[in-house]
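Morning, everyone. Please have a look at the model on the screen, and then we will walk through it together.

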Amino acid sequence: MTDTTTISPAATERGPVPLPLSLARLLVVVGAVGTVASTFLSWTWTSDFPGDLTVYGYPAGLQILALVGGVLTLLFGLTLWDVKWLRWLNPAGATSPVFLTALSAFAVCWFTGIAIAVDLGGLVNLDPGAYVAMAASALPVVGALALPHPAPGTGFRGYLTKPQLPAPGKASPLVERLVLTVGVALGLLAFSYGIGIDNDASETFIGYLLLLLFAAWGLMHTGLVDRFATTAAHHKGFASALAFVAAVAFPFTQNDDHNANVGVNILIFATVALGLNIVVGLTGLLDLGYVAFLGVGAYAAALVSGSEYSRFSGVHFPFWAAALTGMAASLVFGVLIGAPTLRLRGDYLAIVTLGFGEIFRITVNNLDGTSGPNITRGPNGITQIPDLNIFGFNLGDSHNILGHSLGRFANYLFLMLIVTAIVVLVFTRAADSRIGRSWIAIREDETAATAMGINGFRVKLIAFALGASLAGLAGTVMAHVNYSVNPQPYQFAGAAPPNSAFLLAAVVLGGMGTVSGPLLGASVLYLVPEKLQFLQNYELFAFGVALILLMRFRPEGIIANRRRQLEFHETGQLDVPAQATLSDDAAVTKAGA
């Protein structure tokens, strides 16, 4: 039965712009159409601006991003008219997604106009298309600001005195799998487009980030992200297989092997961040010297992989043996560090781990034959590490697969995908096991956990050792990808990853205690400095700003662990206070039935 009770406008909060409701809705749709149309016009007269925005008839560069923002604004704007076939797009009837998607197009258009004026020397360099885009993209923002903000559980349709929609029924497994496939394909498309932006086109990448930020924020307000996550949880194996297939398909979407190199490094640091997530996210131990475990694995593998500059130059282990050597060395190093320090807590443990991380870097720097034994060659490092040869497949050579030429870094990307899959499997199995529940108990309250019979020291030592061995496995691959290892990267903070600050920020930013959180955090923190070269000298400043904003707006991380989400938010306020959610819609429907 459907509830036909009229929702009083008093149950809503009107927007700050005093416009009639009909005019506000019209502004949103007309402005979105105008934004889309403007992308087919010329925005500047010269091709000196990145993306060549001089052509009429088809969009390019930032125009493509404005087009996507305009289409999203149009779709969400049409939901205000209760278009039947678009009800799924905004099932909660919220108005905030309209405002946020309008902001995505507005931000891209106005940023582009300002960037053209600044880069080329004045507003005279803007063609009429740019002025149309800036004016048209402002209309939906004004219209969205005039829309009412419904109280939780009512939705915008309630304000229009329309009957509430019934709670959506359970879709068939085939439909749910189709939704997951489309979602993963869109994610691959967005990631491939972003990583494919030329490093010299920083303006285009900034526009990409603006669009992605506001569009993703708007989708979160609709409840679609939560629904997608729930569907993925119901089909966990299928979703994991889709993610793996998408990652395998990524090299085939790129024409530049450098982008595959970026992908390899993202996977390496994401894998190490997953190991750190065991220590920080599951066990609650603050480790500020974790990058040392990556270095131990890299150096151990470099010593036994056949480099002529290795202390053991006559030794050339196959990859599996070198990987086991790196993991074993990191595990031993983790136990040696953890055994005397894990009885400490909080800041004391953090300071000690920071000290041990610096001790590792200084030690390998001094094992040069002058200050100490000649094992690591000191600052020169171990160079000319040969490429891996696995089952006769030389990863250093280019190969033609399905008519697409895959270079050296694409080969290593496939190898790192296998390593990442192994690490994800270990992480999930460990987190869901008895020892994983013990880690969480220690994180929540070590005193209470100890009183319940959990051996806190042993449990923490296992977490330290397991996290260290996973980092060592990633270090084994990194040594071969980079052809060399040297002490410089293995510090607490630096101008470029890897460093402990980068890894810790990836875990916190992405979401502690989750699998996909560190993967996303590492991708964002590596990709942004890579594409925005001017940020490389301000990496720590950017980290600080990002973490401050995160603590203010989403303290549980971008991808939230359910337990932490409940800790940081009151019940019913998990995403955005005073905003309609899917559960509210369902509750209202049931109450009226």
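How much accessible surface does the protein chain have, and what share of it belongs to carbon and sulfur atoms? The surface comes to about 25900 Å², and 67% of that belongs to carbon and sulfur atoms. Accessible areas come from the Shrake-Rupley method with a 1.4 Å probe, and for residues only the protein chains shown count as cover.

Some ground rules. This is a predicted model, where local features need pLDDT of at least 70, side-chain atom pairs count only at pLDDT 80 or more, and totals for chains, interfaces and linings use all residues. Residues are numbered from 1 along each chain as its sequence is written, and side-chain values use heavy atoms, with hydrogens and water left out.

Next, confidence. pLDDT is the predictor's confidence in each residue, from 0 to 100. The chain has a mean pLDDT of 81, and 86% of its residues reach 70 or more. Over residues 1–11 the value is below 50, and that stretch has 15 contacts in the model beyond near neighbours in sequence. Residues 571–593 are also below 50, with 44 such contacts. A contact means heavy atoms within 4.5 Å. Where pLDDT is low, the predicted coordinates should not be read in detail.

Now the overall build. The chain has 22 helices and six strands. These are DSSP runs, numbered from the N terminus: helices are H or I with at least four residues, strands are E with at least two. Take contacts between residues at least 6 apart in sequence: 76% of them join residues at least 24 apart.

What percentage of the 593 residues is buried? The figure is 50%. Buried means under 20% relative accessible area, exposed means over 50%, and partly exposed is in between (1.4 Å probe, protein chains only).

Let's go inside. A nonpolar core is a set of buried Ala, Val, Leu, Ile, Met, Phe, Trp, Tyr and Cys residues joined through side-chain atoms within 4.5 Å. The largest one here has 110 residues. Among those with the most contacts inside it are Trp-43, Ile-268, Tyr-412 and Tyr-490. Helix H10, residues 257–282, gives this core its largest share, 15 residues. There is also a second, separate core of 13 residues, including Leu-86 and Leu-224.

Stay with Tyr-490 for a moment. Leaving aside neighbours within four places in sequence, its contacts include Val-291, Tyr-299, Phe-360, Arg-361 and Pro-498.

Helix H18 covers residues 500–510, and ten of its eleven residues are buried. Phe-502, Leu-503 and Leu-504 are among them. After H18 comes Gly-511, with a positive phi near 135°.

Now charges. Side chains of opposite charge can pair when their charged atoms come close. A salt bridge is a side-chain nitrogen of Lys or Arg within 4 Å of a carboxyl oxygen of Asp or Glu. How many does a search of the whole structure find? Four. Here are some of them.

Glu-358 pairs with Arg-361, and their closest N and O atoms are 2.6 Å apart. Why are they separated by about one helical turn? Because they sit three residues apart in helix H13, residues 346–366. Glu-358 is partly exposed at 23%, and Arg-361 is partly exposed at 25%.

Next, Arg-408 meets Asp-387 at 2.8 Å, N to O. This pair links distant parts of the chain, 21 residues apart: Arg-408 is in helix H14, and Asp-387 is in the loop between H13 and strand E3. Is Arg-408 buried or exposed? Arg-408 is buried, since its relative accessible area is 9%. Asp-387 is partly exposed, at 22%.

Then Glu-444 pairs with Arg-443, with 2.7 Å between the closest N and O atoms. Glu-444 counts as partly exposed at 39%, whereas Arg-443 counts as buried at 15%.

Leu-23, Leu-26, Val-30, Trp-81 and Leu-139 make a nonpolar surface patch of about 410 Å². Patches are made of residues with over 30% relative accessible area and no salt bridge: like charges are joined within 9 Å, nonpolar side chains (Val, Leu, Ile, Met, Phe, Trp, Tyr) within 5 Å. Helix H1, residues 21–38, gives the most to the patch, with three residues. Leu-26 lies in H1 and is partly exposed, at 43% relative accessibility.
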